[in-house]
Amino acid sequence: MKTIVITGGTDGMGAALARHYLTAGDRVTVIGRSRRKFDALVAAAASEDPSAVARAEFIAADLSLVADSRRVVNQLLAHHKRIDALVLAASFIRQHRQTTAEGHEASWALFFLSKYLLVTGLAPLLRAVEQPVIVNTAVPGTRADAVDFEDLEMVQGFTFMRSNAQQRRANELLGILATDDNPNLAYLTWGPAWLVRSSFAGEVGKGMRITAAVLGRLLGQRPEAAIRPIIRLIDDPSPGRAAYRGATQHTLTVGDRDEKDATRLAAAIEESLR
Ligand SMILES: NC(=O)c1ccc[n+]([C@@H]2O[C@H](COP(=O)([O-])OP(=O)(O)OC[C@H]3O[C@@H](n4cnc5c(N)ncnc54)[C@H](OP(=O)(O)O)[C@@H]3O)[C@@H](O)[C@H]2O)c1
């Protein structure tokens with residue numbers, strides 16, 4: 001029985017993965033905000049296999065808060081001996097800059113700070129298995145220089161595109177840190193091959209909301225279909241970093257200073273989280 005931890009496991013692709021692994025007989029920890037959605041997905045899995053109830057765990061957390069991310073890490077360290085797969089799929093799209101109650105830029109906090117805390121904090125549990133996997137749903141393929149080291153929280157010049165590119169690149173650099181630390185780890189940055197008909201949770205303008213809803217309904221794939229390549233990658237992992245769009249492997253973005261940038265990023269994050 002594998003142990004799978006899924007952030008954003010209450011909806012969209014994260015929920016589809018949670019249902020899949022509960023039905024497959026694995027132990028699944030879902031991290032999200034909505035207990036109601038978690039109960040519904042466990043009920044769906046239990047209708048196929050009643051033992052799913054005993055193998056499902058919910059940790060309620062707002063992962064845009066550093067305190068909550070730290071609490072999740074501590075709770076998992078206290079109650080689990082191992083993690084076979086960590087899926088990072090929490091998503092809340094903000095078109096404009098917002099700050100959290102802790103003073104961090106909200107998109108950076110959710111799409112990077114929480115992932116940094118989970119990946120580094122849960123390293124001991126991932127090290128306890130032979131072939132651990134992290135699937136980070138940060139779409140690969142952004143520019144190597146997308147991180148603004150002088151202003152990581154984009155106090156100046158925030159745009160949705162810049163913020164999105166920066167978190168995607170930072171999550172690639174996080175893979176360097178994680179695989180340097182654990183050579184057995186498979187660290188995958190993964191994005192769907194095309195649009196997925198999910199909840200598109202977020203606070204966006206009317207234009208973006210309508211476009212996502214219309215395109216999602218017309219062209220979007222079902223989350224259950226979109227996650228098939230993720231399941232294959234989790235079930236048959238290869239150590240090291242890799243990038244995927246759907247089932248297709250992409251070349252990793254390589255910059256001149258990747259190792260240095262990864263180290264610099266870690267130092268800046270540790271400083272900002274002090
Ligand atoms: N859908 C697409 O076409 C697409 C395209 C490219 C990339 N992706 C990426 O794929 C991943 C999954 O996307 P999706 O569209 O399937 O997701 P989604 O349906 O929008 O669901 C988002 C999930 O994130 C959770 N979440 C949101 N804010 C949170 C917070 N502050 N703290 C903790 N959990 C939070 C939600 O939990 P609650 O509902 O419980 O709050 C929900 O489970 C994301 O990383 C997304 O960026 C998706």
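Trp108, Phe112 and Tyr116 are linked into a cluster by ring pairs, where rings of Phe, Tyr and Trp (the six-membered ring for Trp) pair if their centres lie within 6.5 Å, with planes under 30 degrees apart counted as stacked, over 60 as edge-to-face and the rest as tilted. Please keep in mind that this is a predicted model, in which local features need pLDDT of at least 70 and side-chain atom pairs count only at pLDDT 80 or more, while totals for chains, interfaces and linings use all residues. Residues are numbered from 1 along each chain as its sequence is written, and side-chain values use heavy atoms, with hydrogens and water left out.

By the ring rule, the count is three aromatic pairs. Phenylalanine 38 and phenylalanine 58 make a stacked pair, because their ring centres are 5.0 Å apart and their planes stand at 25°. This pair links distant parts of the chain, since phenylalanine 38 belongs to helix 2 (residues 35-48) and phenylalanine 58, 20 residues away, to strand 3 (residues 56-60); helices (H or I, at least four residues) and strands (E, at least two) are DSSP runs, numbered from the N terminus.

Phenylalanine 112 and tyrosine 116, by contrast in geometry, form a tilted pair, 6.2 Å centre to centre with 45° between the planes. These two residues are four apart in helix 5 (residues 106-121), so about one helical turn separates them, and both phenylalanine 112 and tyrosine 116 are buried.

Turning to the strands, strand 7 (residues 186-191) runs parallel to strand 9 (residues 240-245) and is joined to it by six bridges, where two strands pair if DSSP finds at least two bridges between them. Leucine 188 stands opposite alanine 242 of strand 9. Strand 9 also pairs with strand 10 (residues 248-250), in the antiparallel sense and over three bridges, and alanine 243 has histidine 250 as its bridge partner there. Strands 9 and 10 form a hairpin with two residues between them, and glycine 246 in the turn has a positive phi of about 60°.

How values were computed: Buried < 20%, exposed > 50% of the residue type's maximum accessible area, 1.4 Å probe, protein only.
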